[in-house]
Amino acid sequence: MTTTATRQPVLELRHVNLHYGSVEALHDVSFSAYAGEVIGLVGDNGAGKSSLIKTISGVNTPDSGEILVDGTLRHWRSPHDSMEAGIETLYQDSGLAPDLSIGSNVFLGRETRRRGVLGRLGFVDQTSMEREALEHLSRVGITISETNRTVSELSGGQRQAVAIGRAIAWARHVIILDEPTNHLGARQSAEVLKVITSAREHGLCVLFISHTLPHVLEVTDRIIVLRLGRVVRDAPTREFTVESLLGAITGLNE
Amino acid sequence: MSTSSDRVGSPVVAAPAPSRLRRVVTNQQFVLFLVLLALIVFFGSRNSLFFRTGEFSNLLTDFSGLVLIAIAETFVITAGGIDLAVGSTTAVTGVIVAGWIQPLVNHNVNQAVVLLVGTLASIVIGALAGGFSALLITVFDLVPFVATLVTYSVGAGLALVISHGAPVGYNPGAIYWSASGVGMVTWLVAIVLVVAVTLGVVLHLTVYGRYNFAIGSNEFAARAAGINVRRHLVSVYVLAGILAGLTGMFFYIRSGSGAATTGVTNSANLVAIAAVVIGGASLVGGVGRWAGTMLGAAVLTVVSDGLIFINVPPTWIQVVVGALIALAALLQSFRRRSRRMT
């Protein structure tokens with residue numbers, strides 16, 4: 001903790017509150033996250049995990065409290081703002097466009113245009129996108145023979161790996177992964193967890209939301225436990241076991 | 001870059017691609033091209049007059065009356081929607097434009113001015129019709145099928161009200177102009193083909209086209225990637241309306257008058273959708289090719305004209321079109337299954 005205390009957090013939440021009508025979704029949530037850190041965000045259904053990530057990514061606007069990215073106070077008007085500030089979010093089931101090529105998916109919404117007049121007319125530079133997508137993905141340990149094949153030809157685990165690789169490629173500070181190993185088998189989950197580890201090596205901060213506690217314990221450095229909209233534990237992963245984590249989530253051992 | 005996809009310790013992505021030959025042979029556009037050639041040979045062998053340049057010119061003109069709304073459907077369908085309104089938008093634009101520019105014709109205004117005014121008017125009317133569908137879909141959250149059915153019905157009714165059920169206006173000059181050109185290709189056809197090719201380029205080579213496929217493939221992913229899905233969908237239905245409006249102007253130029261039956265009694269909306277489906281597009285969205293739609297429209301044009309040429313009663317044409325759609329759909333599902341097996 002002494003090493004991180006001197007560094008500036010890439011993401012900091014200060015006293016964030018969020019209500020849906022009279023329902024209190026987040027209550028006085030504060031935490032700091034640092035570059036090169038994988039943070040597990042766990043909690044029961046309705047604990048506020050989704051509300052929290054939607055607040056960080058700009059889908060929700062908090063009623064009070066502050067969000068700082070890399071030391072700068074930020075106010076999101078839309079998810080687009082948080083993307084521009086260097087935060088990439090991979091929502092549960094949002095995924096990729098299956099009928100587009102892997103390269104087109106990596107560059108979706110950020111298409112490289114051709115040079116000169118054609119580029120100004122909106123022409124895409126497919127060759128350079130396919131080439132760069134291949135480089136991006138291989139840097140995070142995803143080996144692809146051809147990026148011009150469609151995503152529909154990949155397995156579920158491969159798709160998720162590409163989706164995370166895409167988020168890593170564009171994020172400058174934080175990537176938020178909402179249940180990335182949901183519906184995946186053991187081997188496919190291992191592929192995905194490996195890509196998450198490589199995001200840490202790239203100096204990114206990863207917020208990993210999951211119900212699968214062994215995955216959380218395997219891949220994270222620190223775990224934040226949410227219960228009824230509040231942060232009830234925020235501690236290094238080595239201090240938890242599956243049992244103690246489960247206890248913190250349910251509040252039964254207090 | 002290593003082509004090995006089983007490097008130890010790395011997630012493995014993408015199985016080896018099927019051979020190039022297999023891809024070409026199972027390619028829907030390639031099969032369609034062969035079907036088109038076979039149809040031309042068949043009709044030509046039954047009646048050699050089919051190969052006359054005059055008949056070829058007729059085919060091109062009939063093709064032009066279908067191809068713009070078929071391309072409109074390609075944009076809408078690959079974006080995950082459907083547009084049932086194009087046929088009646090064609091009709092209502094035809095009768096309104098004919099009524100508006102008849103006074104210009106009566107006062108012997110320069111033919112080029114008449115055509116220019118008519119074209120601009122048809123773009124505006126078409127855009128309004130498409131905008132009405134877009135409003136129902138994006139603001140009132142109606143599904144595209146229902147929204148465009150509303151627009152279709154309103155358009156078909158308005159066309160009858162405005163025209164009192166009779167052709168509107170008479171402009172023989174338009175007919176003379178439409179029949180002139182270079183060789184078999186009239187100016188009218190040439191302009192339609194230029195518009196068609198431009199739209200193909202937009203669909204497959206630009207950011208706009210890319211967003212179109214992305215939205216049709218996974219709307220949520222498109223939105224998460226920062227694409228303004230609502231704005232894009234509005235533009236797509238407006239584009240479809242404009243192309244239907246231009247088709248209305250096309251038939252006005254061709255016949256010299258506007259009629260409420262144009263595009264309605266022949267179910268042009270369904271023929272256009274058939275061209276897209278025969279061309280290999282998926283009605284779920286995300287999959288489709290401009291070239292497929294062009295070939296689909298060509299096949300439908302050759303079949304309908306050719307059957308008349310070999311004295312098959314026109315009433316049978318729709319039955320044959322139905323069989324063609326069934327064949328195309330079977331081919332598509334066969335391809336999908338064979339790809340899954342590789």
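This is a predicted model: local features need pLDDT of at least 70, side-chain atom pairs count only at pLDDT 80 or more; totals for chains, interfaces and linings use all residues.
1. Residues are numbered from 1 along each chain as its sequence is written, while chains are lettered from A and ligands numbered from 1 in the order in which they are written.

2. Next, the contact between these domains: domain 1 of chain A gives 9 residues and domain 2 of chain A gives 9 residues (two residues are in contact if their C-beta atoms, placed from the backbone, lie within 7 Å). On the domain 1 side, helix 7 and helix 8 of chain A each supply at least two residues; helix 8 has the largest share, 4 residues. That side divides into 7 nonpolar, 1 polar and 1 charged. Here Ala, Val, Leu, Ile, Met, Phe, Trp, Tyr, Cys and Pro count as nonpolar, Asp, Glu, Lys and Arg as charged, and the others, Gly among them, as polar.

3. Now the partner chain. The contact takes 33 residues from chain A and 29 residues from chain B. Helix 3 (79-84), strand 7 (143-144), helix 7 (156-170) and helix 8 (186-201) of chain A each supply at least two residues of the chain A side. The chain A side comprises 16 nonpolar, 10 polar and 7 charged residues.

4. As for the overall fold, chain A has 10 helices and 11 strands; helices (H or I, at least four residues) and strands (E, at least two) are DSSP runs, numbered from the N terminus. Chain A is as compact as a globular protein of its length, because its radius of gyration, 19 Å, is close to the 18 Å that the globule rule gives for 254 residues. The radius is taken over C-alpha atoms, and the rule is 2.2 Å times the number of residues to the power 0.38.

5. Helix 2 (residues 49-56) of chain A is largely enclosed by the rest of the structure, because 7 of its 8 residues are buried. Among them are A:L52, A:I53 and A:I56, as well as A:K49 and A:K54. After helix 2 of chain A comes A:G58, with a positive phi near 90°.

Terms used
A residue is buried if 20 or more other C-beta atoms lie within 10 Å of its own, exposed if 12 or fewer, and partly exposed in between; C-beta atoms are placed from the backbone.
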